[in-house]
Amino acid sequence: MRRLYGPEADADPIALYERLRGEHGSVAPVLLPGDRPAWLVLGHRENLEVARTPSLFSRDSRLWRDMQQGKVPPDHPLAPLTMWQPLCVFADGEEHARLRKAVTESLSQFEARGIRRYVTRFAHQLIDEFEPEGRADLVEQFADQLPLRVITQLFGMPEHYGPRLTDAAKDMIRGTETAVASNDYITEALQDLVDRKRVDPGHDVASKLLEHPARLSNDEVREHLRVVLVSANEPTVNLIANTLRLVLTDQRFRATLAGGHMTLPDALEQVLWDEPPMTTNIGRWATGDAQLAGHPIKAGDMLLLGLAAGNADPQIRPDKSTPMHGNRSHLAFSGGPHECPGQDLGRAIVDTGIDTLLSRVPDLRLAVPEEKLTWETALMSRRLVSLPVTFAARRGKGGGRQGPGVPSVELPPLQPQETASAPMPPAAPPVVRTSWWASLKQKLRGR
């Protein structure tokens with residue numbers, strides 16, 4: 001069996017998926033870290049079948065035969081992602097519905113308009129830091145920073161938590177040898193948050209979870225915050241980076257966008273098809289013996305949803321060059337009852353963040369040849385390492401927003417929807433959205 005980790009997978013996971021498809025069809029046997037056997041689901045239809053049939057393919061990791069046999073100890077790289085806990089991600093049926101409702105209703109307390117204002121504010125702060133230099137790494141200085149600044153604000157956490165939480169979340173999702181330690185750090189930080197919010201609640205997700213009628217325990221609140229943090233941050237970082245890379249390197253993509261044939265939200269859906277921010281999703285466990293695409297699945301087997309492979313299934317996309325603008329039937333956010341509950345939050349961060357960046361700095365140019373860009377591959381994702389750009393240096397363009405060397409200020413908490421009439425935090429000066437489109441069109445005409 002081929003390994004989903006190591007040299008072959010690290011070199012080009014997408015090519016590996018296609019080799020597996022050619023060898024085994026829509027479902028392939030693979031090996032995970034520690035050479036734990038599993039099934040990788042490669043077909044689009046088969047991915048949906050697994051995701052939508054929890055009676056056959058459960059999220060309850062206690063069914064995993066290898067875990068029952070003690071082959072996945074607490075210090076195993078897969079343990080932070082597979083060790084069962086009383087969370088919605090490991091539950092099915094009524095218990096899943098109860099826990100997921102607490103998460104979705106707590107997130108829905110904050111209106112999209114207010115969230116987008118915060119995305120705009122933080123995006124301007126990040127741009128203010130590198131705009132005077134005339135150069136930047138849009139992964140390290142923008143994509144890596146923006147989502148968690150917004151998420152920690154939603155959680156009611158101090159902003160200084162952001163950098164270390166970003167590093168820990170990235171490390172944990174890679175399944176590295178230090179994944180357990182990173183998971184411990186996230187747990188401790190969130191436990192501190194829950195303890196504080198139990199005593200001093202506010203208008204934030206942590207407080208809303210504590211107050212929810214589902215009556216979650218402190219441990220349940222902490223662990224659901226961890227799930228939201230990890231599942232919302234890494235995919236959003238990758239989606240920002242992948243979209244910006246296409247804007248800077250794909251002439252046809254830029255022309256379609258600049259010509260008005262595709263809006264930025266439509267462009268995001270195209271990226272979610274072609275480069276989903278998470279390549280696989282762990283995991284499902286067979287509740288009994290079953291057949292899937294002609295393969296015998298045994299009770300206790302682990303299955304991975306192949307999100308990137310399913311999006312490239314030739315049965316539904318025989319011609320990959322055909323645009324998928326506005327088509328949301330991709331697998332980027334999984335499917336079924338466990339479909340990502342924070343996908344609208346992620347879209348809002350990406351859409352608003354990129355629009356703010358390209359409006360502020362419309363003359364972005366890639367600073368290195370495209371072939372010099374590199375990726376870092378992990379079990380569940382393929383991450384762009386850096387995206388160096390140059391542009392005309394500007395000073396004093398922040399319109400009074402935070403600039404280099406100016407201490408950041410604590411932003412007021414987001415207002416819940418039921419108090420939407422209360423004063424919102426002051427918005428950043430209006431963004432002139434036409435500047436980016438006009439700039440792109442002018443450049444294209446010049447070519």
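Strands, like helices, are DSSP runs numbered from the N terminus (helices are H or I with at least four residues, strands are E with at least two). S5 pairs with strand S13 (residues 388-390) in the antiparallel sense over three bridges, and Arg135 stands opposite Thr390 in S13. Two strands count as paired if DSSP finds at least two bridges between them.

A word on what you're looking at: this is a predicted model, where local features need pLDDT of at least 70, side-chain atom pairs count only at pLDDT 80 or more, and totals for chains, interfaces and linings use all residues. Residues are numbered from 1 along each chain as its sequence is written, and side-chain values use heavy atoms, with hydrogens and water left out.

**The chain overall**

The chain has 18 helices and 13 strands. Of its 447 residues, 57% are buried, where buried means under 20% relative accessible area, exposed means over 50% and partly exposed is in between (1.4 Å probe, protein chains only). Among contacts with a separation of 6 or more, 73% are between residues 24 or more positions apart; a contact means heavy atoms within 4.5 Å.

**The six-stranded sheet**

Another open sheet has six strands in the order S1-S2-S3-S9-S6-S4, and its pairing is mixed. Its edge strands are strand S1 (2-3) and strand S4 (57-58), each pairing on one side only. Here are some of the pairings:

| Strands | Sense | Bridges | Residues standing opposite |
|---|---|---|---|
| S1 and S2 | parallel | two | Arg2 and Val30 |
| S2 and S3 | antiparallel | six | Pro29 and Trp39 |
| S6 and S9 | antiparallel | five | Asn281 and Leu305 |

How many residues of S2 are buried? Six of the six are, so S2 is largely enclosed by the rest of the structure. In a regular strand the side chains alternate between the two faces of the sheet. In S2, Val27, Pro29 and Leu31 point one way while Ala28, Val30 and Leu32 point the other way, and all are buried. S2 and S3 also form a hairpin with three residues between them, and Gly34 in the turn has a positive phi of about 80 degrees.

Two helices lie over this sheet. Helix H2 (residues 13-24) lies across S1, strand S2 (27-32), strand S3 (36-41) and S6, and runs at about 130 degrees to S2. Helix H3 (residues 44-51) lies across S3, S4, S6 and S9, at about 130 degrees to S9. For these angles, axes are lines fitted to C-alpha atoms, for helices over the stretch in contact, and angles run from 0 to 180 degrees between N-to-C directions.

**Cavities**

Searching the whole structure turns up five cavities of 30 Å³ or more. The largest cavity holds about 830 Å³ of space. It is lined by 41 residues, with Val89, Val227, Ser231, Asn281 and Met380 the closest to its centre. On a 1 Å grid over the protein atoms alone, a cavity is a set of points where a 1.4 Å probe fits but cannot get out, while a pocket is an open set with protein on both sides within 12 Å along at least five of seven lines; lining residues have an atom within 4 Å of a point. Grid points are joined across faces, edges and corners, and a volume is the space filled by probe spheres set on the points.

Which element gives the largest share of the lining of the largest cavity? That's H13, with nine residues. By class, this lining has 26 nonpolar, 10 polar and five charged residues. Ala, Val, Leu, Ile, Met, Phe, Trp, Tyr, Cys and Pro count as nonpolar, Asp, Glu, Lys and Arg as charged, and the others, Gly among them, as polar.

**The largest pocket**

The largest pocket has a volume of about 570 Å³. Its lining comes to 26 residues, and Leu246, Gln270, Asp274, Glu275 and Arg317 lie nearest its centre. Helix H13 (218-249), helix H14 (251-258), helix H15 (264-274) and helix H16 (307-311) each supply at least two lining residues.

**Gln85**

Gln85 sits in the loop between H5 and H6. Gln85 is buried, with a relative accessible area of 19%. Leaving aside neighbours within four places in sequence, Gln85 is in contact with Phe90, Glu223 and Arg226.
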